[in-house]
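Trainee: Could you take me through one part of this protein up close? I'd like to look at the salt bridges.

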Amino acid sequence: MAMAMANTTHSGLQEPHQYCRNALLAVSPVSFFSSSCIQFRRPQVAAASRRLPSDNALILFKRRIPSLGASGIQPLPKEKGRGCREVKCQALEFEKEEKSSTYKFWDGVTEQLSGSATFAFLPLQLPQIILNYRNLSAGNAAALAAVPWTGLLTGLLGNLSLLSYFAEKKEKGATIVQAVGVLSTFIVLVQLAIAGTMPAPVFTATAVAVVIGFVVNILNYNGLLSSGIYRAWKELITIGGVSVLPQVMWTTFEPYVPPSVLPGTIFLALSTLMVILGRLEKLPKQASNFMGGVAAWSATLLFMWGPVAQMWTNFINPANIRGLSVYTILLAMAGNSLLLPRALFTRDLMWFTGSSWGALMQGWGILLSMYINKCVAGSVFAGISCGLALWLGNMVVMDSKANSLSSPLSPLGELLYGKS
């Protein structure tokens, strides 16, 4: 208000228009900011030293600043000060820009990480492919009988199902990972078919399924496939996944349960019936939505069952543990760990469940069983455990920052219960 008083005449009087101009300057944004948006009041001056402007001048001034009263100048109660609002808006815009940049950064990083997982999964089948090639070249085809084609076929079906799932979501990195899994597994099956350890009709059907699967998913990824054909393909892999999963689970415990194909047959009939009812639009909406995700979930459960079967085998026959390769387990753990940030970032519960299970059970869990049976040094196991813990901790912290969440555990809450 010193600015307003500086133009006061020697007699302490001001002209009405000069008083109004100085008062407007007093509530300019500059003086408003410097006072932190507190109320401005005109200093009280003794009546003897000055006189108030005329009523006409006050009316004119009140039209310019409605909040002016007889006691002084105050900001409007509803507006709380224009300057404060502008500062607050600018702060919110800046915060939004910061959030957007962090979000985009982590989005790009997680996508690159999921793509780089290919380099971890690619070498998984290479040792077996090289060994099979050497045995075939040496004329020792019987050696390939030690490789179970049923387990490989189960993994290939899982890869095909997840390939369709990620291709439909346009997740490029995860799609490439599944495609590599299909191709590498199929190469091993070709070697087994050459050796005669895999039945020719089964191999022929598998080859046809692989070719159709690749063609369908490539066309669908590029938007060149009709919805009717893609729906038929999804129904086919749904029936295959639902019928194979219970049969594999039953076979795992066959030493303790009688051999039977009944589980697979029952679920084959049930899944086929559900698909037919869905085609006829006889399914309730909830059941129809459930069937839409069955193929991907059955494929994920097939992969999740792999380490369970391995740990069960290690439990009933600890001598088998020494035949496991630490490098193969580390590659599987690294590949799934690289996929985890993207799965969490996209809030994909199915993807996150499969990848976390692969990292913690197929990787760390099997390493734990090897450490307990003294097949892995304690320092190696401790170093791997610390590295995995740091990776998972950094993942949740970065995700919470990218999404401006209050707690590092909030991303997991949104994953399980959805965004509030």
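Mentor: A salt bridge here is a side-chain nitrogen of Lys or Arg within 4 Å of a carboxyl oxygen of Asp or Glu. Keep in mind that this is a predicted model. Searching the whole structure turns up 8 salt bridges.

Let's begin with D348 and K169, whose side chains meet in one of them, at 2.4 Å from N to O. D348 sits in the loop between α15 (326–345) and α16 (349–372), while K169 belongs to helix α8 (residues 149–169), so this pair ties together parts that are 179 residues apart in sequence.

Now move to R342, which forms a salt bridge with E171; their closest N and O atoms are 3.2 Å apart. Since R342 lies in helix α15 and E171 in the loop between α8 and α9 (172–195), the pair links parts 171 residues apart in sequence. R342 is buried, with a relative accessible area of 8%, and E171 counts as buried at 8% as well.

Then find R347, back in the loop between α15 and α16. R347 pairs with E414, with 3.0 Å between the closest N and O atoms. E414 is in helix α18 (residues 410–417), so this bridge ties together parts 67 residues apart in sequence. Both R347 and E414 are buried. Finally, salt bridges that share partners join D107, E171 and R342 into one network.

Definitions and conventions
Residues are numbered from 1 along each chain as its sequence is written. This is a predicted model: local features need pLDDT of at least 70, side-chain atom pairs count only at pLDDT 80 or more; totals for chains, interfaces and linings use all residues. Side-chain values use heavy atoms; hydrogens and water are left out. Helices (H or I, at least four residues) and strands (E, at least two) are DSSP runs, numbered from the N terminus. Buried means under 20% relative accessible area, exposed over 50%, partly exposed in between (1.4 Å probe, protein chains only).
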